[in-house]
Amino acid sequence: MLLSALTALFMALGYTLGGSGGAVIALLVAAGMNLFTFWNADKIVLSMHNAREVDAQSAPEFYGLVQALSQRAGLPMPRVYVIDQDAPNAFATGRNPENAAVAATTGLLNMLTRDEVAGVMAHELGHVKNRDTLIMTMVATIAGAISMLANFGLFFRGGNEENGHSNMIATLLAVIVAPFAAMIVQMAISRTREYGADQAGAEISGNPRALASALAKISGRAELIPNPVAERNPAAAQLYIVPVHVSELFSTHPATEKRIAALEEIAQDMGQKDGPPPMTMPSQTSTRASALSPVAPPVAVPKPRRSALDPHGR
């Protein structure tokens, strides 16, 4: 229903800018986009972020963590990606659990502890398990196209002259209203799904307080550190675990404080007073430092410290 609403909005904008012919063209474009994004949504989003795929050889600790969480969730092993970006964030994509992918930025991997990273990736696997990834990625693509078409209308006058009235006012209204309406549809989709993914992530990791701690750490930083992809395409913001550069009223996510409170209730329902012990995950590092710690132990030669999760030392 929500995808149909976005398609109808896309058609209405096309009708306003190009009359009956514009509506037909918009319908064909929307149908083509729906079909194309169904098969290629994950590739579009990952390419948009310049994500690089990692494996057990290039990022053994991060890959092993996702693998262990996937087994706990009863999910096929997703493809794992790292994004070279300072803004701390993560997302999941893919049309179904068999074709899923999860990604995290180097900013997030450098900032969080092992358990906190586990909580974040469990949240993303929760999206996969709840089959949120297809609808969220398709909505991000179509909503982005609506915004692009609205911006296009600012430069080229179009519309319906069949009723004998000027199309300038209608064009301006379409340019203003269409992206706003698309944003409302995005909020309707994303807000409830974030709570569901938090619940699933808490169950997968067994440590809801670790996810709550991660949300508290990255929410403020994600709004302060520039995110070039979200700035170019605001519709992509709904994919992230926390919102970027938006107020609570117009956010595609619930307020972080409310999510943390809900996770605290989940922890209490699970009978946890001070939180469970850290998860036992495969590790190839020494016992002196966790492989998922923000900074690996210093080395003897003078060179920049490296995160064990960032194989290129960025």
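These legends walk through a predicted model, one close-up at a time.

Local features are described here where pLDDT is at least 70 and side-chain atom pairs where pLDDT is 80 or more, while totals for chains, interfaces and linings use all residues. Residues are numbered from 1 along each chain as its sequence is written, and side-chain values use heavy atoms, leaving out hydrogens and water.

**View 1. The whole protein, to get your bearings.** You'll find nine helices and four strands here (DSSP runs numbered from the N terminus: H or I of at least four residues for helices, E of at least two for strands). Starting at the N terminus, the order goes α-β-α-β-β-β-α-α-α-α-α-α-α. Of the 314 residues, 52% count as buried (under 20% relative accessible area; exposed is over 50%, partly exposed is in between, with a 1.4 Å probe and protein chains only). The protein exposes about 14,500 Å², with carbon and sulfur atoms supplying 61% of it (areas by the Shrake-Rupley method with a 1.4 Å probe; for residues, only the protein chains shown count as cover).

**View 2. The largest nonpolar core.** This core has 39 residues (a nonpolar core is a set of buried Ala, Val, Leu, Ile, Met, Phe, Trp, Tyr and Cys residues joined through side-chain atoms within 4.5 Å). Phe62, Leu69, Leu108, Leu112, Val120 and Met121 have the most contacts inside it. Helix 4 (residues 114–129) gives the most to this core, seven residues in total. A second, separate core has 13 residues, among them Ala51, Ile135, Val229 and Tyr240.

**View 3. Zooming in on Val120.** Skip the neighbours within four places in sequence, and Val120 is in contact with Ala90, Leu108, Leu112, Leu211, Ala214 and Ile241 (contact means heavy atoms within 4.5 Å).

**View 4. Gln85 in its loop.** Look for Gln85 in the loop between strand 2 (79–83) and strand 3 (90–93). Gln85 counts as buried because its relative accessibility is 12%. Not counting residues up to four places away in sequence, Gln85 touches Thr105, Thr106, Gly107, Asn227, Pro228 and Val229. From Gln85 to Ala104 is 19 residues in sequence and 9.1 Å in space, C-alpha to C-alpha.

**View 5. Asp42 in helix 1.** Asp42 sits in helix 1 (residues 2–48). With a relative accessibility of 6%, Asp42 counts as buried. Its contacts, once neighbours within four places in sequence are set aside, are Arg79, Thr93, Gly94 and Asn99.
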